[in-house]
Amino acid sequence: MNEIDTDTCLLAEPTQTNVASVEPRVISAAVVGGTGYAGAELVTILERHRGVDLVASWSSKFTLDALDHSRPEVVFLATPNEVSADLVPAMLDRGIRVIDLSGAFRLHESALYPHWYGFAHSRPELLQEAVYGLTEWCNGELKTARLVANPGCYPTSILLALRPLTFILDRDQAVICDSKSGVSGAGKKADLDWSFAEVAGNFKAYGVGTHRHEPEIRQGLRLGQRAPLVFVPHLLPTVRGILSTMHVAFAHTVTDAEIASLFTEAYAKAPFVKVLPAGKLPQLKSVVNTPKAEIGWQLLHGGKRAVIVSVIDNLLKGAASQAVQNFNRMYGWAETEGLQ
Ligand SMILES: NC(=O)c1ccc[n+]([C@@H]2O[C@H](COP(=O)([O-])OP(=O)(O)OC[C@H]3O[C@@H](n4cnc5c(N)ncnc54)[C@H](OP(=O)(O)O)[C@@H]3O)[C@@H](O)[C@H]2O)c1
């Protein structure tokens, strides 16, 4: 992996406004994976969105013939990674824009896919074209994007909290991201580890050093290959929501005022990101079932280190509502359309 990634989206300054340069119009849209956890949330939002004519919602019975019959202008893919990797080229070749909720197009380097995702890309050039849709850190590129790679749920919670601080981090010390997710993060598939009897009244870590979101977090923080990153996902005995606790060290001693100023600069005009006052930490119940993220911090050791805490709903800001934020930016609708 390169030291500096080529993600124009994340190299940009955070967006301060959602300036609509085109007149919003109603767009014909379809969902593949509408019977899944993330896809069902998406369908609910799109059905009430004034700028969307939802022409179809498909499940695993989806065929390209059905697509050719419905001819949507944009397709949301809420499908497994390998399915998205197969479907995206077919859709782009038909002139259809795609917002993909899977991880199939989030990483820029195709060489990472066999190791982290277990498959090789047939169209690796699309990894360079895909816009990484962490909406608050995107600018004009969403307006022209053919392919948006919607961020993962854990990376959304971590990158929103750490991106504003990237330039003051001590790169020699590990960034430790300790994240906890509700069970819906794994989708609706049956799996013993995610079954009620295993999860209820229980709490455990999993996937340390092997979770697919690790290279996405590394890429999003522009850590390169060498800077130490520790990502520890945990399974919470709840249905939905992610709470991430980040332990960071700074290159110089910082104050609460400096941290507050960096967060304000990043998110003053972001409708779905709320930054709490210094020393106040967020909790899951503030964001579950909402499209919002909340971020708080506590300085430690005289300002040399901090604990940053963020919360999101994995199925909304971590998936469906962020996809709709990206749709709104692509087509010039207000960022909040369909989400309030
Ligand atoms: N869950 C989360 O919190 C979350 C957050 C961010 C991103 N994501 C990503 O979003 C995607 C969907 O996740 P999920 O949790 O909603 O999964 P899920 O609950 O398992 O749903 C998967 C959906 O994909 C459909 N599908 C499976 N194989 C297909 C095929 N060959 N062709 C067309 N459709 C097919 C399923 O249809 P059937 O009903 O017919 O099986 C179902 O609608 C995944 O890539 C996931 O990584 C999930």
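This is a predicted model: local features need pLDDT of at least 70, side-chain atom pairs count only at pLDDT 80 or more; totals for chains, interfaces and linings use all residues.
Cys177 stands opposite Phe231, a residue of β9.

**The seven-stranded sheet**

- β7 (residues 175-181) and β9 (residues 229-235) run parallel, and seven bridges join them.
- Zoom out and you get an open sheet of seven strands, ordered β8-β9-β7-β10-β13-β12-β11, with mixed pairing.
- At the edges you'll find β8 (204-205) and β11 (273-275), each pairing on one side only.
- Strands like these pair through backbone hydrogen bonds, and the pairing can be parallel or antiparallel.

**Helices on that sheet**

- Helix α8 (residues 153-162) lies across β7, β9, β10 (242-249), β11, β12 (293-300) and β13 (305-312). Its run makes an angle of about 45° with β10.
- Helix α11 (residues 256-267) lies across β11, β12 and β13, and runs at about 160° to β12.

**The six-stranded sheet**

- This one is also open, and its six strands come in the order β2-β1-β3-β4-β6-β5, with parallel pairing.
- β2 (52-58) and β5 (131-132) are the edge strands; each has a single partner strand, so one side of each has no neighbour in the sheet.
- The partner of β2 is β1 (residues 27-32), in a parallel pairing over six bridges.

**Where the domains meet**

- On the contact count, 25 residues of domain 1 meet 30 residues of domain 2.
- About 2,400 Å² is buried between domain 1 and domain 2, with 56% of that area coming from carbon and sulfur atoms.
- Ten residue pairs are in polar contact across the interface of domain 1 and domain 2, counting pairs with both residues at pLDDT 80 or more.
- On the side of domain 1 that touches domain 2, α1 (8-11), α2 (37-48), α5 (112-116) and α12 each supply at least two residues.

**Salt bridges**

- Side chains of opposite charge can pair when their charged atoms come close.
- The structure holds 13 salt bridges, and two salt bridges are counted between domain 1 and domain 2.
- One to look up is Arg240 with Glu41, where the closest N and O atoms are 2.8 Å apart.
- Arg240 is in the loop between β9 and β10 while Glu41 is in helix α2, so this pair ties together parts of the chain that are 199 residues apart in sequence.

Notes:
Residues are numbered from 1 along each chain as its sequence is written. Side-chain values use heavy atoms; hydrogens and water are left out. Two strands pair if DSSP finds at least two bridges between them. Helices (H or I, at least four residues) and strands (E, at least two) are DSSP runs, numbered from the N terminus. Contact means heavy atoms within 4.5 Å. Buried area is the accessible area (1.4 Å probe) that two parts lose on being put together, summed over both. A salt bridge is a side-chain nitrogen of Lys or Arg within 4 Å of a carboxyl oxygen of Asp or Glu. A polar contact is a pair of N or O atoms within 3.5 Å; within protein, one must be able to donate a hydrogen and the other to accept it, and residues adjacent in sequence count only if both atoms are side-chain atoms. Axes are lines fitted to C-alpha atoms, for helices over the stretch in contact, and angles run from 0 to 180 degrees between N-to-C directions.
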